[in-house]
Amino acid sequence: MLTCKETSHLVSEALDRRLSLHERVGMRLHLWMCAHCRRFETQLQLLRRALREDTRERPEPELGYADLPPEARKRLLATIAARTQPPSDSG
Amino acid sequence: MSRARQDSESPERWLEEHGGALYRYALLQMRDPHRAEEAVQETLLAALESWGRFAGRSSVRTWLIGILKHKILDELRRSLREQPYGDVPDDPPEDDPAEAHFTEAGRWRAPPADWGKPEQALAQHQFWIALEQCLDTLPLRLTRLFILREVWEMQTDEICKELAITPTNLWTMLHRARLGLRNCLERRWIDGGNPER
């Protein structure tokens, strides 16, 4: 019987790869008997959903929504201007 | 040198229309505002160079984000060459899942609490504030991998190929990131006396 720690590994890896039949059965058996790990699984799924939905679906995302600071904007404009200037007279 | 540039397109316009989105994308990965700004700058300059080759198969934003992703991955690869994953102990013991989250017998030290219905969680402003704070405090090396997987939605083999790490290494890092994030969220959002619950 897997421990919670071992199960948490499998629950996490199931999000990144296909588990073997053996791994899947072991994980499912533990989850069937352990409410703590069931919650863990649900919560990881929520985290994944939150990040993906926030990125894909929201025009104004909740996460990391920091507009370009005005100073940064000015610097970037200046860099672009310098790069797009036609070459000055060279000797 | 002529360039098939419509009157409406210009780097200034890109900056105005897409600068915010590019900056946010970079900030989520790099955390440091100066590095994020640098990534946006490199992206706009690279876009300027390659605009003639832009065939218009995607939107301008998608194209710019694509360039930005390359820049970010380049930078991540450079930083990994200096300090490879798995070579050094990545996190202080209190962040290592074995120590912090489970007993020696493999049981939860602090069993996950009930977070209620997912829909309700996602609707709470406090949830998002806590999540952002937690992403900010997670060790940066873990966060970056986590973002590649969960926000950029890169597959295991893509990430491993780009960063020259093993799948096992990646999955261990992601596991740590998820344990850390979940734990932090629970402390800040649930235990933090969230009044909306």
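**View 1. The contact between chain A and chain B.** Contact here means heavy atoms within 4.5 Å, and on that basis 46 residues of chain A and 52 residues of chain B take part. The model is a predicted one, in which local features need pLDDT of at least 70 and side-chain atom pairs count only at pLDDT 80 or more, while totals for chains, interfaces and linings use all residues. Residues are numbered from 1 along each chain as its sequence is written, chains are lettered from A and ligands numbered from 1 in the order in which they are written, and side-chain values use heavy atoms, with hydrogens and water left out.

**View 2. Area buried between the two chains.** Chain A and chain B bury about 4800 Å² between them, 65% of it from carbon and sulfur atoms; buried area is the accessible area (1.4 Å probe) lost by two parts on being put together, summed over both. Of the area that chain A buries against chain B, 13% comes from A:Asp16, A:Leu47 and A:Leu63, more than from any other three residues.

**View 3. A salt bridge at A:Asp16.** The side chain of A:Asp16 forms a salt bridge with that of B:Arg149, at 2.8 Å from N to O. The rule, a side-chain nitrogen of Lys or Arg within 4 Å of a carboxyl oxygen of Asp or Glu, finds six salt bridges across the interface of chain A and chain B.

**View 4. The surroundings of B:Cys160.** Leaving aside residues up to four places away in sequence, B:Cys160 touches B:Ile165, B:Thr166, B:Pro167 and B:Leu170. B:Cys160 counts as buried because its relative accessibility is 9%, buried being under 20% relative accessible area (1.4 Å probe, protein chains only).

Conventions:
Buried < 20%, exposed > 50% of the residue type's maximum accessible area, 1.4 Å probe, protein only.
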